[in-house]
Amino acid sequence: MMNRLISPEQKQAIKDQLRALGLALAVHAGFAVLFLAGTWSWQPFEQETPPVRVTLVDMGPVVEQRREEEAAERRREERAEQERQEELERQREEAERRRQEQLEQQRQEEEQRRQQELEQQRQEEERRRQEEVERQRREEEQRRAEEERQRREEERRRVEEERRRAEAERERELEELRRQREEAQRRREEEERRLAEIAERRAAEEAERQAQEEAERLRLAEEQAAEDARRATLREEYESTIRELVRRNWNRPPTTRPGVSCDVRVVQIPGGEIIDATIVSPCNADDATRRSITAAVMRIGAFPYRGYENVFAREIVFTFRYDG
Amino acid sequence: MNGELQVWDLIMEAGLLVQGVMALLLLASITSWMVIFQKRQILARAESRARKFEENFWSGADLTKLYDKVAGDRAGREGLEGIFESGFREFSRLREEKRLGADALTTGAQRAMRVTLTREMDRLEHRLSFLATVGSVSPYVGLFGTVWGIMNSFRGLAGAHQATIAMVAPGISEALIATAMGLFAAIPAVIAFNKFSNQVERLEVRYDNFKEEFANILHRQARRLEERGAA
């Protein structure tokens, strides 16, 4: 039953898919093996360093005993040595003391004699120095008085000099001020004169310019008038040309009566090409005539343009007349 | 045994999200390899069949006989055979209606062949886009897992008083596995996608050429029939 429901193609497809899945898994397994092989030699991340093992052996008692014995031996030797030393010391001190006494006696006598000599010399010396000091003090006083005098003289001269110089200075400044004031006065007068001249000249120029402008304005007005006149004639000419063109292209329908007068509005583009033509009121013609007129305009196709650029307009309204 | 345990432990100790990303990438990788193998088989088969059929066709065999043979083989109605079969069937069906001209006959056959060609291209291109998606997206997915894992390990570092590289290194290492997996999934997918799309394009050109040439042959035959009918 199942076999018949699943067509051979579908069976083939499922088989292919399973095969592909198997191959894909095989590829991944292969890569996983490669990956594991590649990371085989990694060190563990939190490797603990092995603790250093230290054994303490207590050697205390043995060492202590040996040390005490040595100490007792050393103490005995030291005591014997000390006794011998003291004996020697005593003998040497006795001899020394006797020699010292003799020496002391000699030295005292010597000392007394030298003391007397020295005393005499010192008194002599003292007297000489006193005299010397006195002499120097007097000289010093004289010199100081002299200097004081000179200093005062100097001071007086300096003050005098100072006063004279200040006087001269003030005099000169006054002179300078006066001179400046005169100079400023002179300059102001000069400036005033110059300004007056300039104002005068400017007034003259202004008057002249105004006259010229007036003349120019008159001339322009004249020109404008002439231009207007020319334009008016050109416009008339343009319109009559258009009217003539329309009349020439007009096919008169049989129903038209003389005395037709219709306003025609034409739209054109630069270059004169006609875009549109319509009849606007007032118009006293019948329908056929109206149609014939617009047809005539459209037949022209293009209005004259060259030479009429100045009067060209996008929209032109002209009156079409037929008088029989 | 130590190293193996290390890597496996890293994967197992990773955060839930990183594990999810890894599982996703593994799945994508397996699926893309499946597609690769399937496509390879299909394309290889299509190419060899096309070669065989073209040899058969151009050896000057009788077209009617060839058609009977192809139409009888149900499994063989794909690739060039399919195009040939649909074109020829449409042509003979239209020929039954005597009124149609040579151009109309050929146009009808060509239309039928174009439809078959489009269907055939669709079949060949089926699931190639999956490869493209895996190739372009899985590096990003892996990177996402890595970034997440690194974020977590740095967050753990924030509470510690004595920060050492040894505290974050395992976390970063486990996070980087996600990137490695993403690249592992993406590289074969991109290579296979480029290869297969190129192959499919070449097959399409081949089919298209055959379609045009066969249309020419049909057109010639239709003209001959028309002339004979007129005479």
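These questions and answers go through strand and helix packing in a predicted model.

User: In the open sheet of chain A, which strands stand at the edges?
Analyst: The sheet has 3 strands in the order E2-E1-E3, with antiparallel pairing. Each edge strand has a single partner strand, so one side of each is left without a neighbour in the sheet. The strands at the edges are E2 and E3 (315–322) of chain A.

User: How many bridges join strand E1 to strand E2 of chain A?
Analyst: E1(A) covers residues 260–268 and E2(A) covers residues 274–283, and the two run antiparallel. Among the facing residues, Arg265(A) stands opposite Thr278(A), and Val264(A) has Ile279(A) as its bridge partner. The number of bridges joining E1(A) to E2(A) is 7.

User: Which residue in the turn between E1(A) and E2(A) has a positive phi?
Analyst: E1(A) and E2(A) form a hairpin, with 5 residues between the strands. The phi in question is about 110°, and the residue is Gly271(A).

User: Are helices H2(B) and H6(B) roughly parallel or roughly antiparallel?
Analyst: The axes of H2(B) (residues 16–58) and H6(B) (residues 128–158) come within 10 Å and cross at roughly 160°. Angles over 145 degrees count as roughly antiparallel. H2(B) and H6(B) are therefore roughly antiparallel.

User: How many residues of the contact of H2(B) with H6(B) are nonpolar?
Analyst: H2(B) passes H6(B) in a left-handed crossing. The contact residues include Leu17(B) and Val21(B) of H2(B), and Phe130(B) and Trp148(B) of H6(B). Of the residues in this contact, 6 are polar and 1 is charged, while the number of nonpolar ones is 15.

Key. Residues numbered from 1 in each chain as written. Chains lettered and ligands numbered in written order. Predicted model: local features only at pLDDT ≥ 70, side-chain atom pairs only at ≥ 80, totals over all residues. Heavy atoms only, no water. Pairing = 2+ DSSP bridges. Helix = DSSP H or I, 4+ residues; strand = E, 2+ residues; numbered from the N terminus. Axes fitted to C-alpha atoms, helices over the stretch in contact; angles between N-to-C directions. Parallel < 35°, antiparallel > 145°, perpendicular 65-115°, else oblique. Left-handed = near helix turned anticlockwise from the far one by under 90°. Contact = heavy atoms within 4.5 Å. Nonpolar A, V, L, I, M, F, W, Y, C, P; charged D, E, K, R; others polar.
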